[in-house]
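User: Hi! I have a two-chain model open and would like to walk through it with you. Could we go step by step?

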Amino acid sequence: MFDIMTVFESFVEILKVVPKTLLLALIILVLSFMLGAAITYIQSLGIPVVKQIIGVLQSFLRGTPNVVLLYLVYYALPLVSAWFLGLFNVTLDPSSLNSTAIVIVTFSICYSVFQSEIIRGALHSLDKNQIEAAQSLGYSTTQTLRKVIIPQVMVEALPDTMNAFLIIIKALSLAFLVTVVDIFAQARLVGAQSFSYLEAFVAAALVYWGICVILTYAIDKLENRMRRGYA
Amino acid sequence: MRKLLLLTSFMAVLLVLAGCGGEESEASSEGDEAVKAVEVAVSSSSRPLSYVGDDGELTGYEVELLRAIDEKLGDYEFNIEGASDSAGEIGLDTGQYDLLAQGLILSEEREESYLIPEESNGPSLMKIFATGDQEGEIESLDDLAGKKVVPVTPTGGVYNLLNAYNEEHPDDQIEFDTSDGGIPTSDRLQEVNDGVYDAFVNPSNLGQQEIIEEAGLDIHVTEPVEINPTYFLIHDSEENVELRDKVSEALAELKEEGVVSELSNEFYGEDILQYEAE
């Protein structure tokens, strides 16, 4: 009953949605990275009440499963955005909100917390003396940031960020809840057409694994390249 | 010693995997003479078909029907378990479950892959639930072209129905998205009520009428657009042939004795057997 040809056919079908899935994951990664950087920055300022509020939010996002948040955003986002735009006299039909937007918003918020931890860790690895040295050489804050902090922090954060990227790709299988078709959803569709779920799921696993192998290889190369001149 | 243990367990896993590919008759061969255990998978959240009741026990039309069959079959003992849609079907493929009950309608692929009792367990009525102001506008599948249709799960019969319709009507395509079945029926009905979607194609045996009345929704329910008998699917193995025939017999008896109608009235509020003749 297990047919290797079906696995191959499913594999080809599933490959069709890989670019879309990767793009979606990349958008989420970039957005969550920016949001995470903002969180880290705000937290480092240590403003009394704000710090506590963000702390609570962080722990809430970290402690709730993505699927729960996806439900919440699915129900709440159309209403919230319609209300918000209503303040500026822009009318929005809540139902016209794209399901891809719902996924991007949910996952970006979700993973921003993890990203902020990655950035914080990378920042910690940076020797404080370097900043002092830069300042003593007359670097402005922007210059220190651009020439000293960011290049090194980027390298430190790269492996973890890459990890986060893989986690996002896998987590996107939840997006089918709101009709966004990713790799796993495609596998289910292919499986439904031929009634051979097992083959389709095996093909999906192979696709995921393939992506992981290629990405790991590429990022390793990139990291080695970036480390040159700092190590 | 440890290494030996590891090795044997590894070998065991390999053997099991190898068994998946070839014949898988070992799976249900325990206790031949005595009472045979039958692993049954049902959906755990398809009220009133099968769901977890207030007391935490599975109940519902199909579950109670299965229990009635179990009582009739002395040689078999049903272990009814809740499983998600695709998990149930995969489990039936691999032989983890012997019998699957999810209000399933027949398709060519299913007839090829599984053993199917001759006797159905009741018809499933496919109806369209449309926004209240669409009354007169949406009455059948022909009216759905150009309408916003609630996303459909790829494991369900609705998916097959709409695909079959689109194949037959190339100029009059129904556009629909697919999605996971995670959004509850009650929320889908609410969305139709609010006009997010125009129409919701759904088997009517999921308690929609109750939801509509309770929430006071303005929804137009059409006549059945399709009537399909639903069947229990049985894992394809030599030993299960007997099980299939016995289940079929028991179903026929239960229909005659009026037990099926009773259960139908209890869970659906109407006797669904009246539609079966058509």
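This is a predicted model: local features need pLDDT of at least 70, side-chain atom pairs count only at pLDDT 80 or more; totals for chains, interfaces and linings use all residues.

User: Which strand pairs with β6(B) in the antiparallel sense?

Analyst: Look at B:Leu99 in the viewer: its bridge partner is B:Ile234. That partner belongs to a strand spanning residues 226-234 of chain B, and the antiparallel pairing runs over four bridges. The strand you want is β12.

User: Where are the domains of chain B, and how many Å apart do their C-alpha centres lie?

Analyst: Domain 1 comes in two pieces, 35-123 and 230-275, while domain 2 is 124-227. The distance between the C-alpha centres of these two domains is 25 Å.

User: Which element gives the largest share of the side of domain 1 of chain B that touches domain 2 of chain B?

Analyst: The contact involves 14 residues of domain 1 and twelve residues of domain 2. On the domain 1 side, α3 (85-94) and β6 of chain B each supply at least two residues. That side has six nonpolar, five polar and three charged residues. With three residues, the largest share comes from α3(B).

User: Chain B also has an open sheet of three strands; what is its strand order?

Analyst: Start from the edges, β2 (45-46) and β4 (58-59) of chain B, each of which pairs on one side only. Strand β3, residues 50-52, is joined to β4(B) by two bridges and runs antiparallel to it, with B:Val52 standing opposite B:Leu58. The order is β2-β3-β4.

User: Which UniProt annotation covers residues 37-271 of chain B?

Analyst: Over that stretch the chain is 37% helix and 26% strand, and its end C-alpha atoms are 31 Å apart. The name comes from an unreviewed UniProt entry, which gives "domain: Solute-binding protein family 3/N-terminal".

User: Turning to chain A, how many helices and strands does it have?

Analyst: Its C-alpha atoms fill a box of roughly 70 × 50 × 30 Å along the principal axes, and 29% of its 231 residues are buried. Among contacts between residues at least 6 apart in sequence, 77% join residues at least 24 apart. Reading along the sequence gives α-α-α-α-α-α-α-α-α, so the tally of DSSP runs is nine helices and zero strands.

User: Finally, which helix supplies the largest share of the side of chain A that touches chain B?

Analyst: The contact takes 14 residues from chain A and 21 residues from chain B. On the chain A side, α8 (183-194) and α9 (197-227) each supply at least two residues. By class, that side divides into eleven nonpolar, two polar and one charged. The largest share, three residues, comes from α8(A).

How values were computed
Residues are numbered from 1 along each chain as its sequence is written. Chains are lettered from A and ligands numbered from 1 in the order in which they are written. Two residues are in contact if their C-beta atoms, placed from the backbone, lie within 7 Å. Ala, Val, Leu, Ile, Met, Phe, Trp, Tyr, Cys and Pro count as nonpolar, Asp, Glu, Lys and Arg as charged, and the others, Gly among them, as polar. Two strands pair if DSSP finds at least two bridges between them. Domain bounds come from an automatic or database domain assignment. UniProt positions are given in the numbering used here, feature names are shortened, and annotations may be inferred rather than shown by experiment. A residue is buried if 20 or more other C-beta atoms lie within 10 Å of its own, exposed if 12 or fewer, and partly exposed in between; C-beta atoms are placed from the backbone.
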